[in-house]
Structures are given as C-alpha cells and as structure tokens.
Amino acid sequence: MSMQEVSAYSLVHATVRALYSTMLTPETWEALVEAQDFDALLSALSKTVYSPYLQIERQELTPRRAVYQIRWHLADIYEKLIRLTPEPGQQLLLQLWHLYEVDNLKATLRGVEAGASWDQVRHLLHPMTRYITLTAADMEKMVRSDDVARAIELIRHTPYYETLIHALERYRAEKNLFPLEVALDLDYCRGLWQSINQLAGIDHEQALRIVGTMLDVDNLLWAIRYRVYHHLSEQEIINYTLPFGYQVRDKDIRAIAAGADIAQVVRPIYPAVEVPPLISGGGGGGAGLAAIELSLQRHIVKTCRGAFIGYPFHVGIPAAYLLLNEHEIRDLTVLIEAKASRLPTEMFASMLETQTPAYQTDQR
Amino acid sequence: MFRPQAMSKVELAVPERDVVPVTEALAASGAFHPTLTGHLGGERVPRYAEDWHERAATFAALERRIVIVMEALGVDEGPPPAETPHLIELEMAQSDIERLEREAQAPVQELEEGQRKLAQLQRYLGQLELIADLEVDLGTLRSLRYTFVLPGTMPISNLERFQTSLELIPSALVTLRREDHLATVVLFGTQRDADVLNRAARSAYLNPLELPETYRGTPAEAIAALKSNIERTRQYIAECQTTIDYLHEAHVQRLRHLLWQVCASRTLAETIARYGRLRYTYLLAGWVPASQVPTLQQEIKQVSDKVLIEVNTPRRQEDGHIPVALENPPLLRAFQALVTNYAYPCYSEIEPTLMIALTFPLIFGIMFGDVGHGLVLALLGLLLVSRKVRALRGLSGPGTLVIACGITAMVFGSLYGSVFGFEEILKPLWIRPLEDIMDILMVTIAIGVGLLSLGMVCNVVNAALTRRWGRMLFDHNGLAGLAFYWSLIGLAAGAFVGGLPVSPILLAALAAVSGLVMTFSEVLEHLVEGHRPLVEGGLSTYLIQTPIELFETVIGFLSNTLSYVRMGAFAVAHGALSMVVFIVAEIISPAHGVGYWVVVVLGNLFVIGFEGLIVGIQTLRLEYYEFFSKFFSGGGLRYCPLTLISRREE
C-alpha cells in the first residue's frame, strides 16, 4: 500500500462512501415499483436523493422532464468526483463523463435531421455544465442550423469535428446518421481505452476491470446487434467494433461477425451470464437480444459493486460508483416510463438492471 | 434639466387625399412620435380605398429585390439622402427594378457558374494530388475488367481494423501517404468481390477519391491539365467580374437612390397602415415636444389646410404612455448614457442625469485621488473626445465622463498630496488617506448619508409629482423614512460624538413615531390614496410581515450607509497600491537606476488601468444600487420621432 495512493484517494473514497449510502435501497426500490402511478412515483422519489432535482412546477414535470431532472444528480456527482480525483485517474473520469457529451451530440444530430426545435431537443440531453467541450449554446446553434453539414461546421472547435467531418461524406451519400454515430462511438471508445492504458498499478488494474468490462459488453452487444438486427457483413461488423477489450478478445468479435453461435462465444467469457435459447442458434429475436443485454448489464452492475470490496484507494471506486449511478438512473427511467404508461409491474420489473428483488421471484 | 421635455399630445384628422404629404411633413419635422390609432374608426371604409398594408408589402418585396441586385453587383446602401424621398410611383419602381435585374442577371449567373466550376476543378486537383505519385493511367484504372481498384482517404485510426476485416478476402490495401489523421490508400481486389470490398471500405470510412471522368493519362498529367483548366476558368471569372464592375459603376447611384426611395415609401405605407380610418379621413395621434408644436402645426398647414389638429396636454393617467425626450447638453450625454443604461426615466419622475454628472466624478475622485493619475485619465478622455485615433472613435461617447473623472481625481490628488504615488512632491491640502484612515472613512460615510438623503428627497419629489401623497408621506424612502433615517443618524452621532443641539429624547421620539408610521405605511398609503382593501393578503400575514419589513428597512439603511465606506477604503487602497509600486522599485534598483523608473512607470500604468477599472465599477455600483434604488423607478418609453429614412438594419 503506497502512502501516496492513500493520501490521494482518501478524500475521494470518503466522499464516494458517503454518496454510496444515498443510493436507492432495495426497500425504496420496492416502494417505487409498487407506486400506483406516475404521481405516486414522483411522491416516492421526493423522499430520496433525487428530491431536490424534482422541485419544479408539477405541470412541467412530464415523464421526459422528470428523467432529465434526475440526470442532474448524475451530473452533480460526476463534477464533484472529477474535481476530487487526482491525476491521472481524473482523466479516466473525464473520459467517462464525455460519454454523455457524445450522447448529447448524437441526440442533437438526430434533432437536426428530424427538424426538431431546440425546445424539443434540450430535455433529451444529459445536463452537463462543467468539464465539457460542447456547450448547450453550441448544441442550440446546431439545432437551429437545420442542416447536419452546417451543424457539424459549427463545432469546429471541438474534438468531435475531425471524426464527424470525415464521416460526413457517408452521411451525404446515405442520408442516414448511422455512420456519424458509429464513428463517434468508435472514436470515444478508443479514447477511453487510451485513458485506461495511461494508468499504472492498481489504478490500471481496477479501471480495466470496471471500465474494461463496460467496454467489453458494449463491443459484444454491438457485434451481436450488427449481425442480428442490421444484417451487416463480416467485414462491416469487424470495422464497426473494437479490436481490444478486457475479457472479450478480437477473436470473439470476429467469431460473432463470421456467424458463430452467439451463446458458444459468450458463455466461455461470462460463464455466469444466462444466454437465452432464442439467441443461441444465432438467429434473430428481439426478446432474446434484450435478455442477453440485460444479463450483461447486470454483470457490469455486479462488477461495479465488487469494486467496493477490498483495497479502496484507487480510481476504480469513483468509476464504479458513477457507473452504478448511471444504471440506477437507467432503471428509474424504465420505471418512470412504465408508470407514465400505466404498465403492470410484471411487464417491467424484470427489466431493471440494478435490482433482482424478491418480488420478481415471488411473482414468478 | 431635472425633467424630461414637456410633451403635448397631438391628434390629427387628415383628409384621405392629403394623408401622404401630411405624413411626409410629420416625418420631415423629426418631432412626431406616433402612437397606435389603428383601432379607431374602421367602419364604412370604401372597398376601393387604398390598401396601405398591401402597398407596404409590395414595397418590402421590391426592397428585397433591389438589395439582391445590389449584393450581386457589390453595391452598398451608401449614406442616407439629405432630404427625405417622396412616395415613389409603384409602377415606375417596378419597371426600374426589372430593367436592372435583367441587366445584372446574365453576368451574375455566368460569374456564379464560373465560380462553381472553379470549386469543382480545385476539388479534383486536391484529390488527384493525393495520388500524384502513381504511375498509372486514370483511363485504364476506370476501365479495368477483372481488377477492383478503389483509391481514397480514410482515418489512420481505422487502417489496422480495416486490414483485419479484409484478411479473408483476396485483396491488397496500399497506403500511399499519411497526413495528420488521414491516410491516402488504394484498395485492390477482384471485380468478383467488388460488392464485399465496397461495403468493407465504406464501413472503414474510406471515402473514395472523386476522379474527373474527362481527364486521361497519369495523375501527374491530369494534374497539369487541371491546372491549365483552372487558369482558364479564373480568366473567365475575371472577365465576368469586369462586366459586373462596369455595371456597378453604371448603376451605383441609381440603385442607392432607388433603394432609399423604396425604403422610405415602405415606411410611409407601413405608418399610414397603422392610422385609424373613417370613410374619407385618417385619424393620427402622437406625441410632440410642447416647444415644437407651433412649428409642426405651421408645417402641416403648409401641405394641407384641411387638416384638423387638436393639441392636448398629457393627463396623469397617460404617464406610462408618454415618450420621454431627454434634453441634456452634449457635455452631459455620457452621463445620460449611464442613466439610460440603468433604465429610461418615466415621464413624471425626476431625470437624474445632472445628479449623476455631479456625484459620479465626485465619488470616483475620492477613491482615485492622485494628480498624476487624474491627469493621465483627463488626457485620455481628451484623446477619446477628439476622435483623432481611428481605433478609439467608437469610445468618444464616454470621453467627457473620463475627463470629468480625471479632473476630480486631480482635485482630490491635491487634497491628498499625491502625484503618481509620490507623496513628497505636494503638500496635502487636506489629509493623507493612508495616515488618517478614520478621518477619510468618517467623511465618506457623511457623504454617503448626504447622497442617500438626496435620493430620499428625490423620492419625495417624485411622489409629489405623481400626486402619490401616501407614498410621499409614509413610504420607507418618503418623508417618514427620511425622518426615521435622520433621527437614527442623530442618535448615533449623539452617542459617538456628543454635543448635538437636539435633545436625544426628541430624536428617539421622532424615530419611534416615524418607525411606527413606516410600519403601517401600506395601510396609511392605501387610506390616503383611496385604495381598498386597506390590507392585502389577510390581517394576520400583514401583522407578521410588517415588523420584519421594518427590521429589513433598518438593516437596509445601515448597509446602504456603510456601503459608502468603500470610497474611503479605496482611497486608502489607492495610496497603498502606489506604495507597493515604490517598494518593488526599491527592491529592483536601490540606487534609483533605470530599473527603478521602469518599475515606477509600469506600476503607475498598472494602478491607472487596474484600479481605475475597479474604482469605476464601484462608483457605478454606488450610483445604481445605493442612490438610484431610493427614487428611480425607470420603465419610461423612449421618444422615437417618425422618420422615413432610418438605416435598414436599425
């Protein structure tokens, strides 16, 4: 144990521990899932850490707006932990934070292509105020430009420009945002991988375990989706995926691209992950794909929770906590949409990534 | 000078046939601020009557067409004409514009076509230069039957992955060059795999080079041919430009004249369209400075003797709708800008430009007292006012303000005995702030008390002007507030200084009575001004609120007064900062060599620039937040006389 690590990470660790205690407990989840409707859900949420973010006029608190407001919590803790985390671990958190910037950019481009107004787009974005290269004003200008090429020209000052401007040729030819979005994703993942590799010692080991697992799952799911949903060729799948990873190797991705049985590829990597039979044969099937996606996301959640066991003075602690929060908010999003649509509990409870509560088993 | 110009309401009934000359006369007078009268009349307007809305829209369309021709020929709008143009005949304007459009159309189209062609050729050239080293005939590359060839550029970061994806397909990827983050590559394969290779290349973001169909030979030969073609196209563009330059010279005056005429006609039509209308009569109303009414009446009578003019003095209820024309001498314009930057005064309230012209330099001078620094500021102000430096012309407005601040800084510099931070050259006429800190602080508090009292007196006057007797008597900044404030000041002065001519018991009684009056000011105001209910929002809430409000007022008086301490504090800081400059200079060069003087000069420049800015901001803060908040409500309507030839972008 190095004194330097302890002194550098003691404040971050203490802060994360304090924040970790504010995450939703299984009892709170149970209350949220059992809420009668959207209003009851909001009322239950008002007793949680998300309460201050929901203090706006009730008529403005639509399901979409509620999700947006809740995301402010994530923005706040990201900004806090980035500030507290020492270099070079800070770079990793910054890179993780920029995933939301990439998502915002993609949402903005979709808005531009759909001819949406800024008011329609703004609450679909992740709230981000600090440590950003792309401001809300930039995105507003993009939306107002009404043209994808012009919108890209407006962000010449950001690191995304070079990536987008080259992919723009394909957008012009195909009139589809897919190439732009894939180019952004690949570029982002390369940057994230680079941030992991810039770390040393236990920081590198833990970042690889936590963030590397997230990258692995994304890469694996991309390959599966490209094959099952988009029916892309082997070469296209290879070009649209990553050659690196923590547990997922390039040979695994190439095997999926070449048409191998998905279950046979996935099981040796994640023996504990349940691969549904629908997808085992390599055929299509939305339900099967959703099930494997859920299993893999739960694997990420489990890995993140595992980071809190053992030696605590490393970048894995804030990174794991932030990813756990992201998953908590994803679950809350599912819950908000389900309650707003008045779906019965059995239709959505099993889709929660952070919870495998008793009531699911009971209902079975 | 303390009030905006007195305005008169002028209402006119104009016969239909005279509406154009009368409107032109109103615009030419530069004194008529129109108000909306479109809601008046409207009944039984004959169907054949002139539709001014339609005419305004037609003129606007014509204006756009003229602007397009002007942009194509590179003609700007030029200065506005000296005389207001009259309403132009629509048919004449239309035929003029059509003729100009016809003349400009062909050369402009040819020029655009040439520019498009040049851009295309340059794009080809840029792409061919990437493969300039290839010794292959372009024609052959295009006509290969069995071999697939795809030259293009792709991100370097995708190269390795692309090669991986091609492992199982018979192909070769040759990298010709790498620049920045892009690689120029050529992908070879068989035509049989063309589809797979194309999809793979696309997914690796390989953008194929767009090679011109018409060029043969090696890339180097094609580049040479392209360059000569580019040269020819440039010559063609230059010829087109010459024609356009000729047209520019030939039509520049006509186009500008036409633009201003149409622009004025459009404004005229829009103005008339907003008038009220009876069967054969237009109804107009507006505000005119009272002093200019007789001249305006004469000017209108000259163009039509059938116009009925009624002049009224404004009623009190119209206060919010009366435009405010400020009439300050040019020397005070910079201070007027400070006032309007805060808010435009209401018609019925005191216009505080003169007060700010006196107090702003005073406050600045107290904080920035130094003869040398003041002199530099005054000279800078003179330079700004003289407009001799082109880059500073935009700042000529605040020039007088800088001069005034410079002069007061010099005056206080003499009082403090400070010249460029040197304290030994001049004997102080009054005190040295650094040595007599308590004195300067007490004096500045006294000045603050004076300014706040002045603010409250202005509030009393404003209330009297609007006949808000309740506000005048009972408001926190009214007579009750003033009595309360001064009785507290008296009590404090008696406690700390002693020897007051007024008995403390009397002062305490006055404070208690005025405090009580202020506590119930809302009820009393409503009672005197006839508003009902006397208490809004319930008696219990009111009873809870009032003591808190009184407490807030007391705290407000205290903090407002103490806020002026900063004047003394900055006077001390100014001296201390100058002292630091000399200490640093001594350290750099104890023998007072060149280094010493360099530090003194640079340090003084720093003090003038840095502290000058901070003191300026603090002065503005004291004016806006402590002084103005006592009496100045703002929200007035700016006086904008009708004009037909305002610049288009305004």
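Helices and strands are named here as DSSP runs, helices (H or I) having at least four residues and strands (E) at least two, with numbering from the N terminus. The structure is a predicted model. Chain B contains 20 helices and 11 strands.

**Chain B as a whole**

- Chain B has 650 residues, of which 36% count as buried.
- Taking the contacts in chain B between residues at least 6 apart in sequence, 79% join residues at least 24 apart.

**A four-stranded sheet in chain B**

- An open sheet in chain B is built from four strands in the order β4-β5-β3-β6, and their pairing is antiparallel.
- Its edge strands are β4 (171-179) and β6 (207-208) of chain B, each of which pairs on one side only.
- Strand β3 of chain B, residues 147-155, is joined to β6(B) by two bridges, and these two strands run antiparallel.
- Within this part of the sheet, Thr153(B) stands opposite Asn207(B), a residue of β6(B).
- Helix α6 of chain B, residues 194-203, packs on the sheet and touches β3, β4 and β5 (182-190) of chain B.
- The direction of α6(B) makes about 5° with that of β3(B).

**Helices α1 and α8 of chain B**

- Helix α1 (residues 19-29) and helix α8 (residues 293-303) of chain B pack with their axes 9 Å apart, at an angle of about 150°.
- Angles over 145 degrees count as roughly antiparallel, and α1(B) and α8(B) are therefore roughly antiparallel to each other.
- The crossing in which α1(B) passes α8(B) is right-handed.
- On the side of α1(B), the contact is made by Pro21(B), Val22(B), Ala25(B) and Ser29(B).
- On the side of α8(B), Leu296(B), Glu299(B), Ile300(B) and Val303(B) take part in the contact.
- By class, the residues of this contact between α1(B) and α8(B) comprise six nonpolar, one polar and one charged.

**Backbone features in loops**

- Tyr205(B) is not a glycine, yet has a positive phi of about 60°.
- Tyr205(B) belongs to the loop between α6 and β6 of chain B.
- With 23 other C-beta atoms within 10 Å, Tyr205(B) is buried, the cut-off for this class being 20 or more.
- Arg467(B), although not a glycine, also has a positive phi of about 60°.
- The loop that holds Arg467(B) lies between α13 (437-465) and α14 (469-474) of chain B.
- Arg467(B) is exposed, because 12 other C-beta atoms lie within 10 Å and a residue with 12 or fewer falls in that class.
- In chain A, the peptide bond from Glu87(A) to Pro88(A) is cis, and its omega is near -5°.
- Pro88(A) is located in the loop between α4 (63-84) and α5 (89-114) of chain A.

**The contact between chains A and B**

- Chain A brings 14 residues to the contact and chain B brings 17 residues.
- On the side of chain A that touches chain B, the elements giving two or more residues are α9 (160-174), α10 (178-197) and α12 (234-239) of chain A.
- Helix α9(A) gives the most to this side of chain A, with five residues.
- The side of chain A that touches chain B holds five nonpolar, four polar and five charged residues.

Notes
Residues are numbered from 1 along each chain as its sequence is written. Chains are lettered from A and ligands numbered from 1 in the order in which they are written. This is a predicted model: local features need pLDDT of at least 70, side-chain atom pairs count only at pLDDT 80 or more; totals for chains, interfaces and linings use all residues. Two strands pair if DSSP finds at least two bridges between them. Two residues are in contact if their C-beta atoms, placed from the backbone, lie within 7 Å. Axes are lines fitted to C-alpha atoms, for helices over the stretch in contact, and angles run from 0 to 180 degrees between N-to-C directions. Ala, Val, Leu, Ile, Met, Phe, Trp, Tyr, Cys and Pro count as nonpolar, Asp, Glu, Lys and Arg as charged, and the others, Gly among them, as polar. Angles under 35 degrees count as roughly parallel, over 145 as roughly antiparallel, 65 to 115 as roughly perpendicular and the rest as oblique. A crossing is left-handed if the near helix is turned anticlockwise from the far one by less than a right angle, and right-handed if clockwise.
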